[in-house]
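Subject: Structure for your review

Hello,

I am passing on the structure below. My notes on it follow.

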Amino acid sequence: MPFSMSTDYFALFPLVIFAIVIAIFVRFYRRKDQLHAAELGKKPLFSDTCGGVVGWLNYKGPFIRVAVYPDFVVVSCDRQYYLPFGEIASIERRSFLFTKGYRIHHRNPQYPKRIEVWLGKQESFEAALAGKVTLV
């Protein structure tokens with residue numbers, strides 16, 4: 001009688017799925033730290049990581065980086081959204097249940113219409129934007 005050893009590959013399926021999900025989260029977390037070309041060699045007036053909504057994607061937790069510079073704002077998640085103050089129509093204060101944040105109304109047709117960030121350091125964000133863009 002020959003010896004046969006069978007392996008149940010379906011038992012490993014949950015582990016493979018778990019590893020893929022973890023890899024996706026790590027990728028999103030690391031992508032937010034990539035700098036736009038306009039940011040290189042500059043120090044931001046304000047920078048914070050947060051959650052928010054970009055397009056139809058809802059980012060929970062620290063998967064979005066918001067940086068305010070003297071001439072522009074960068075929202076970085078799966079890609080970097082460079083918004084000079086001339087392209088920002090207004091920034092609207094928003095609240096949803098216990099979350100407070102900002103919706104950036106911009107004029108760039110190549111970017112998603114909805115860019116919303118839920119910052120923890122709201123006073124610092126507003127101070128960095130003072131006089132540069134309209135807060136509604």
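Helix H2 spans residues 122–129, and its buried residues are Gln122, Phe125, Ala128 and Leu129. Looking down the axis of H2, these buried residues fall within an arc of 130°, so they line one face of the helix. Glu123 and Ala127, on the other side of H2, are exposed. The buried residues pack against strands S1 (46–54), S2, S3 (72–76), S5 and S6. After H2 comes Gly131, which has a positive phi, near 80°. Please keep in mind that this is a predicted model.

Next, Tyr111. This residue sits in the loop between S6 and S7. Tyr111 has a relative accessible area of 12%, under the 20% cut-off, so it counts as buried. Beyond its neighbours within four places in sequence, Tyr111 is in contact with Arg79, Gln80, Tyr81, Tyr82, Leu83 and His106. For Leu83, which is 28 residues away along the chain, the C-alpha separation from Tyr111 is 9.6 Å. A polar atom of the Tyr111 side chain lies 3.2 Å from the backbone nitrogen of Tyr82.

The largest pocket holds about 190 Å³ of space. Strands S2 (57–68), S5 (88–96), S6 (99–106) and S7 (115–118) are the elements that each give two or more residues to its lining. Among the lining residues are Lys60, Arg94, Lys100, Arg114 and Glu116, along with Val53, Phe96 and Trp118. By class, the lining divides into five charged, four polar and three nonpolar residues.

Regards

Conventions:
Residues are numbered from 1 along each chain as its sequence is written. This is a predicted model: local features need pLDDT of at least 70, side-chain atom pairs count only at pLDDT 80 or more; totals for chains, interfaces and linings use all residues. Side-chain values use heavy atoms; hydrogens and water are left out. On a 1 Å grid over the protein atoms alone, a cavity is a set of points where a 1.4 Å probe fits but cannot get out, and a pocket is an open set with protein on both sides within 12 Å along at least five of seven lines; lining residues have an atom within 4 Å of a point. Grid points are joined across faces, edges and corners, and a volume is the space filled by probe spheres set on the points. Helices (H or I, at least four residues) and strands (E, at least two) are DSSP runs, numbered from the N terminus. Ala, Val, Leu, Ile, Met, Phe, Trp, Tyr, Cys and Pro count as nonpolar, Asp, Glu, Lys and Arg as charged, and the others, Gly among them, as polar. Buried means under 20% relative accessible area, exposed over 50%, partly exposed in between (1.4 Å probe, protein chains only). Contact means heavy atoms within 4.5 Å. A polar contact is a pair of N or O atoms within 3.5 Å; within protein, one must be able to donate a hydrogen and the other to accept it, and residues adjacent in sequence count only if both atoms are side-chain atoms. The arc is that of the directions from the helix axis to the C-beta atoms.
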